[in-house]
Amino acid sequence: MATQDNTVVAFPTPDDPAPSSFDKIWGKKIKSHGYAAIPTILIRSQHRLGVNSTQFCLLMHLLDLFWSPDRPPFPTKQQLADRIGIKQSSIKPNMKALEKAGLIQRVQHKTSSGDWGANTYHLDGLIQKIKDLEPDFAQEKAKRQAERKRVETPKGKRLKEQ
């Protein structure tokens, strides 16, 4: 007769929380440098929003710098160009296109010496467009779930299909 191993697994305590999915994938050292929250709807809607790859990359970097709703990001064009690996002259036309599409709003600032400083980039338009797309994604998700349920139900137990 075999004996069972009665190993008890302890619940995580507040001092020892279970690792997040991010921690499991990337590790705590990577997480310690920060990460950006990018909605999947934004990623899946790049083409639908009419955003090219450079513009999408710019949005990702702006979102990486967007830490608080009351403090929009304000990187310089040179900082963005250096981060992405493109010429600074490529930043302005792509930002103009994002602004024309209603995804961002640029606000220019003057320094205390009267020179033009870095722009502040308000992302309210992008946020609203993603919120406006959410019902389409919710509907698609509901259809997927209904189809999965239908397929997983044995044929003899399925509701009559119309």
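These legends go with a set of close-up views of a predicted model.

The model is predicted, so local features need pLDDT of at least 70, side-chain atom pairs count only at pLDDT 80 or more, and totals for chains, interfaces and linings use all residues. Residues are numbered from 1 along each chain as its sequence is written, and side-chain values use heavy atoms, with hydrogens and water left out.

**View 1. The whole protein, before zooming in.** The protein has 7 helices and 2 strands; helices (H or I, at least four residues) and strands (E, at least two) are DSSP runs, numbered from the N terminus. Follow the sequence and you get α-α-α-α-α-α-β-β-α. The radius of gyration is 24 Å, well over the 15 Å that the globule rule gives for 162 residues, so the protein is more spread out than a compact globule. Here the radius is taken over C-alpha atoms, and the rule is 2.2 Å times the number of residues to the power 0.38. Along the principal axes, the C-alpha trace spans about 85 × 55 × 30 Å. Of the 162 residues, 22% count as buried, with buried meaning under 20% relative accessible area, exposed over 50%, and partly exposed in between (1.4 Å probe, protein chains only). Take the contacts (heavy atoms within 4.5 Å) with a separation of 6 or more: residues 24 or more positions apart account for 48% of them.

**View 2. Helix α4 against helix α6.** Two packed helices are described by the angle between their axes and the distance between the axes. For α4 (residues 53-64) and α6 (residues 91-100), the axes come within 10 Å and cross at roughly 85°. That makes α4 roughly perpendicular to α6. Axes are lines fitted to C-alpha atoms, for helices over the stretch in contact, and angles run from 0 to 180 degrees between N-to-C directions. Angles under 35 degrees count as roughly parallel, over 145 as roughly antiparallel, 65 to 115 as roughly perpendicular and the rest as oblique. On the α4 side, T54, Q55, L58, L59 and L62 meet I91, N94, M95, A97 and L98 of α6. By class, this contact has 7 nonpolar, 3 polar and no charged residues. Ala, Val, Leu, Ile, Met, Phe, Trp, Tyr, Cys and Pro count as nonpolar, Asp, Glu, Lys and Arg as charged, and the others, Gly among them, as polar.

**View 3. N94 in helix α6.** N94 sits in α6 and is buried, at 12% relative accessible area. Its side chain joins that of Q55 in a polar contact of 3.4 Å. Such a contact is a pair of N or O atoms within 3.5 Å; within protein, one must be able to donate a hydrogen and the other to accept it, and residues adjacent in sequence count only if both atoms are side-chain atoms. Leaving out residues up to four places away in sequence, N94 touches N52, T54, Q55 and L58.

View 4. K77, L80 and A81 in α5 meet I91, K92 and M95 in α6. That gives 4 nonpolar, no polar and 2 charged residues. K87 is in the loop between α5 (77-84) and α6, and counts as exposed at 64% relative accessibility. K87 and K77 lie 10 residues apart in sequence and 9.3 Å apart, C-alpha to C-alpha.

**View 5. R106 in strand β1.** R106 belongs to β1 (residues 105-107) and is buried, with a relative accessible area of 19%. The side chains of R106 and E99 make a polar contact of 2.9 Å. Beyond four places in sequence, R106 is in contact with K92, M95, K96, E99, N119, T120 and Y121.
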